[in-house]
Amino acid sequence: MTDPIVNDILSAATAVRMAGRVVGGPRLTVLDPATGEPFTEVGTGNGTDAATALDLARQALPIWAGTPRDARSAALRAIAADVEALAGEPEWPALITRETGKRLPESAAELALTVAYFRTMADLLDQQDAEQFSVVPGIAHRVTARPAGVAVVLTPWNFPVSIPARKVAPALAAGCPVLFKPSELAPLSSMVLSAVVERHVPVGVLSTVLGTPADVVDPWLADRSVGVVSFTGSTRVGRLVAATAAPRFLRTVLELGGCAPFLVLPDADPQAAAQTLLVAKYRNNGQSCIAANQILVAREVADEFTEAFVAATEKMVVGLPTDPATDLGPLAPAGDPARLAALVDEAVSRGARKVTSGTVPGKGHFAPATVLLDVPADSRVMTEEIFGPIAPLHVYDDLDDALALHHATGYGLAGYVCGADPDRADAVADRLRAGIVGINTGTPNTPWIPFGGLADSGLGYEGGRAGLAAFQTFLSVGAKAQG
Ligand code: NAD
């Protein structure tokens, strides 16, 4: 039987849920990027709603923290099973596609990843035993993981379900109630996850309030019961969150923007490297934080690599994200086509040559896939986060020069290396300032490994044991036996 949850969320049309109740204040228009027209309006919350949610979370903290570990991991597995069942029905993937513009298979993949985050965190929680040490004669030491407190979760629009999941899953595993503020660009996709989670946890363990940062985020971050804020979004907003958290030393996990280098080494298979770049560049319509940004190609393979990548780009179909023939859908932020065109124009005005995928639909927030050749190394498109389907290529003669271009950006999130010799590729990966590197693959991430950025790309980790530990504190006890 079809689960009515997505239709319930669509008909309630609010981005505020607390204690199983939906609340809706001022209406916010959500656009359909494929048409540029309003898709729906959702109710948003205010300071009173944020305070109510905080109160519920405070009350839920001892209850959820005191819930036995196996009951918490069972709740995570039940959430995963619900998400998995919903992923097999058309409504939720269609909603994600409607709000974000990503193609339907990518929406389905996002839900599969969401399932994996909940299952992985349940497994990791099951495996996390209290550690016992007897390293000092006469003293028994133990280290026990405890919940860090209430967790505030702030997320971007580009993965409106799997990014909340990779924060909510470890927070719940750790025993932290969650206060969640989704993105205003894709709120309803996130609200479905909230409704699913609420089915499996006690009242107040998850509350969701979309509202202004001043009304919602700032009061949450100021409250002493909040022990961690996990933010994913732009470097600009990450700095604001860090500044708000700093005065009371609130723990922050900041997953921010990137400018990933894509290094093609002299011994790379140029055809295979071009295929890898298609994934690393155009996944999620080019709007992934780990998207390849600076494409640095060794002269030895540059001609064959460029020819293969340009030919593949020229064939790309830009169109409706619901059409199976589409390779590249529209971009959720209404201003992004103009923002991307300005980046291309700047590079072209300085001598870059442009090749594109051709026509884009007349309505909606579409941008063509674009390859830029002979790009000056200091053009904005090479040094800033593009966050869109533009691929600037730069040919290098000396690997050190290529690595210097990467290190000059200040970002440190992801990187890619293509090459035949595994030792050589590994050695290059070790020289990147990055939290994650794909060698001959455009998809290096999995929930089992830590994922996080350095420098301007933020701090802290999601995924793996480090992702669970982000929501935990550790109590170390040394006990001397008496008598
Ligand atoms: P954004 O920074 O504009 O918004 C992210 C979230 O922050 C939204 O929920 C927004 O409402 C909220 N926000 C805005 N102002 C705030 C404030 N003053 N205080 C607290 N919260 C505030 O980002 P976006 O446009 O939604 O997403 C794109 C960006 O996210 C890109 O830079 C991308 O690289 C980055 N991103 C990073 C990762 C990662 O894991 N490192 C993953 C996905 C996206």
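**Figure 1. Helix α5 and the second largest pocket.** In this predicted model, α5 (104-127) is one of the helices that line the second largest pocket, and with 6 residues α5 gives the most to that lining. Helix α6 (162-174) also supplies at least two residues. The pocket has a volume of about 450 Å³. Its lining has 20 residues, and those nearest the centre are Leu 113, Phe 159, Arg 283, Ile 290 and Asn 445. By class, the lining divides into 10 nonpolar, 5 polar and 5 charged residues.

**Figure 2. The largest pocket and the elements around it.** The volume of the largest pocket is about 1,000 Å³. Phe 231, Gly 233, Ser 234, Arg 236 and Val 237 are the closest to its centre among the 38 residues of the lining. Four elements each supply at least two lining residues: α8 (213-222), β10 (226-232), α9 (235-245) and α12 (336-349). Of the elements, α9 gives the most, with 6 residues. The lining of the largest pocket consists of 18 nonpolar, 10 polar and 10 charged residues. Domain 1 (5-256 + 456-476) and domain 2 (260-446) each provide at least three residues of this lining.

**Figure 3. The largest cavity.** The count of cavities of 30 Å³ or more comes to 2, and the largest of them has a volume of about 40 Å³. Its lining includes Gly 258, Lys 281, Gly 286, Ser 288, Cys 289 and Ala 291. Also in the lining of the largest cavity are Ala 292, Asn 293, Glu 385, Ile 386, Phe 387 and Gly 388. By class, these lining residues are 5 nonpolar, 5 polar and 2 charged.

Figure 4. Thr 100, Lys 102 and Trp 157 are among its lining residues, as are Asn 284, Asn 285 and Gln 287. Pro 330 and Leu 331 line the second largest cavity as well. The lining has 3 nonpolar, 4 polar and 1 charged residues. Both domain 1 (5-256 + 456-476) and domain 2 (260-446) give residues to it, so the second largest cavity lies between these domains.

**Figure 5. The largest nonpolar core.** The largest nonpolar core has 65 residues. Within it, Phe 262, Tyr 282, Phe 305 and Val 381 touch the most other members. Helix α11 (residues 299-314) contributes the largest share of this core, with 7 residues. A second, separate core has 56 residues, including Ile 5, Leu 86, Ala 173 and Phe 471.

**Figure 6. The surroundings of Phe 305.** Phe 305 belongs to the largest nonpolar core and is one of the residues that touch the most other members. Leaving out residues up to four places away in sequence, Phe 305 touches Phe 262, Val 264, Pro 270, Ala 273 and Ala 274, among others. Further contacts of Phe 305 are with Leu 277, Ile 295, Val 297 and Leu 393. One of these partners, Phe 262, is likewise listed with the core residues that touch the most other members.

Technical notes
Residues numbered from 1 in each chain as written. Predicted model: local features only at pLDDT ≥ 70, side-chain atom pairs only at ≥ 80, totals over all residues. Heavy atoms only, no water. Core = buried A, V, L, I, M, F, W, Y, C linked by side-chain atoms within 4.5 Å. Buried < 20%, exposed > 50% of the residue type's maximum accessible area, 1.4 Å probe, protein only. Contact = heavy atoms within 4.5 Å. 1 Å grid on protein atoms, 1.4 Å probe; cavity = no way out; pocket = protein on both sides within 12 Å on 5 of 7 lines; lining within 4 Å. Points joined across faces, edges and corners; volume = space filled by probe spheres on them. Nonpolar A, V, L, I, M, F, W, Y, C, P; charged D, E, K, R; others polar. Domains from an automatic or database assignment.
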